[in-house]
Amino acid sequence: MTGDVAVLGAGMHPWGKWGRGFVTYGQAAARAALDDAGIGWPEVGSVVGAQTVRGGYPGYVAGATFARALGWQGARVTSVYAACASGAQAINTARAQILAGMADVVLVVGADAAPKGFFAPAGGERRDDPDWLRFRVLGATNPAYFGLYARRRMALYGDTPEDFALVKVKNAAAGAMNANARYRKPVTAEEVAASAVVADPLRLLDICATSDGGAALVLSSVEFARRRGVADPVRIRAVSTVTPTFPRTVLDLPDIGTDSAVAVEPSPKSFRSSIARAAYEEAGIGPEDLSLAEVYDLSTALELEWYEDIGLCGAGEGAKLVREGATALGGRIPVNVSGGLASFGEAVPAQAIAQVCELTWQLRGRAGERQVPGARVGITANQGLFGHGSAVVAVR
Amino acid sequence: MPHTRIPVVAGWFTEDTAEEEFRLLGTRCSGCRSVHFPREDGHCRNPGCPGGELEEVPLSKRGTVWSCTDGRYRPPPPYVSDPGVPWVPYTLVAVELAAERMVVLGQAAPGVGVDDLPVGSVVEVVPGVLDEDRAAGTVHTTWNWRPVAAGALS
Ligand SMILES: [Zn+2]
């Protein structure tokens, strides 16, 4: 087990399509997190930015860009990129600095102003980039992979499009109660079924949109929090950032082929489940200890997969959980009470940070209508392109 | 019309072969026998591999459907398509190759839909055309997966 770090503050700029630059969103989120923490910006010893990538080049290089927007004050600065897992990498970097004694207070910021439509790779002729190749050779968009997983579940486990729609209905109901969510209207199963097919069997309302948004956290040592009179802060107890193990036998973005299992017997556990397992091991807890979970519902069907991967149920039992209402607010183990990506849309570098913001508010008992009663332990789970695992365990 | 046929990626599949001989080309490690597709020409990716030479190897012609989906909307560049022509959805299929113990993605042959590709059914790899530049007189060639009527793996 590693040591805990305290979450002193959490802040977000609401998700949406606001038509402004990502710096604006990140700055607003950072100021909100600093206010929430009661920490002045000059007290921050280190700032870690989750990169906002534009055309393969990381925007304005996030860490320094946010530091400049907040006013140069000479803090240690770091910028990290791991696609969808960037936010978790930023949190982990901050945590490592705090635990190593390099900084008492670290500001973590991620923000994006997302393009319309499908995510696409950077321009130019880049034949050495698997992400470029999957678009050039196959036209394989992100939803195409989500469609492959969804159909596989239907064949293997008997999941139905109606099961997938239940996830959207559940998450939309939660998102309707979240002022930071982009989509705040309840959605019915009929509306999901009536939306256009994007990648059979998935429809438009099964797949998350791309959004603008910003999220930030102020992290500190537990000792610093105590000195500030925060005796019982939300604590980050584990951050998992593992890679897959060879051979990875499940086709993953942006793969055209999996590893070959000719020489080495594949692990019976999936990569995604190993992400959660590493977090549980580091935190010294198990899925039975969870009060809630925030998982990366890039598609409705993928949320069901996460139920299994984070150990809420056995393989193939995900649909049963959503059918029973176990993962809805008021259920046995609520998942995505923030509304999830279904209600937010993805703002890539901000998203994994936003997941931890939700855990923070829930564990403080300040999530309002969305509150999971008596929440003590939460996990976030996410996965970045090319094999970046990400999961965070927070406790109170 | 005379066409220059250019593989969309050189070295990923056989060229100028009859349909029956058409194969995807990967590389196989002489040290641990792991197969890599897309081809790996630098180092074997098996972390426990004692080390070996990577040799070009044709992949199995037939495999079984792991899963499939389709693209109902036009993908963004670098996928090549004519925005002046209505989008025609195509099918993507992930195919499990038993001998190589791996899954390889590809487009299905034109006209093959998801209903033609139940999970577990047998498909074979055939040459296909990805895009065509009429003005330049060139086509980019690729591989396609096509259902096998008899359904036999070999
Ligand atoms: Zn080898």
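**Close-ups of the domain 1–domain 2 contact in chain A**

Three salt bridges are counted between domain 1 of chain A and domain 2 of chain A; a salt bridge here is a side-chain nitrogen of Lys or Arg within 4 Å of a carboxyl oxygen of Asp or Glu. This is a predicted model, where local features need pLDDT of at least 70 and side-chain atom pairs count only at pLDDT 80 or more, while totals for chains, interfaces and linings use all residues. Residues are numbered from 1 along each chain as its sequence is written, chains are lettered from A and ligands numbered from 1 in the order written, and side-chain values use heavy atoms, with hydrogens and water left out.

View 1. A:E282 pairs up with A:R95 in a salt bridge, with 2.9 Å between the closest N and O atoms.

**View 2. The buried area.** About 2,900 Å² is buried between domain 1 and domain 2 of chain A, and carbon and sulfur atoms give 66% of that. Buried area is the accessible area (1.4 Å probe) that two parts lose on being put together, summed over both. On the domain 1 side, A:M12, A:W15 and A:C84 lose the most area to domain 2, together 25% of what that side buries.
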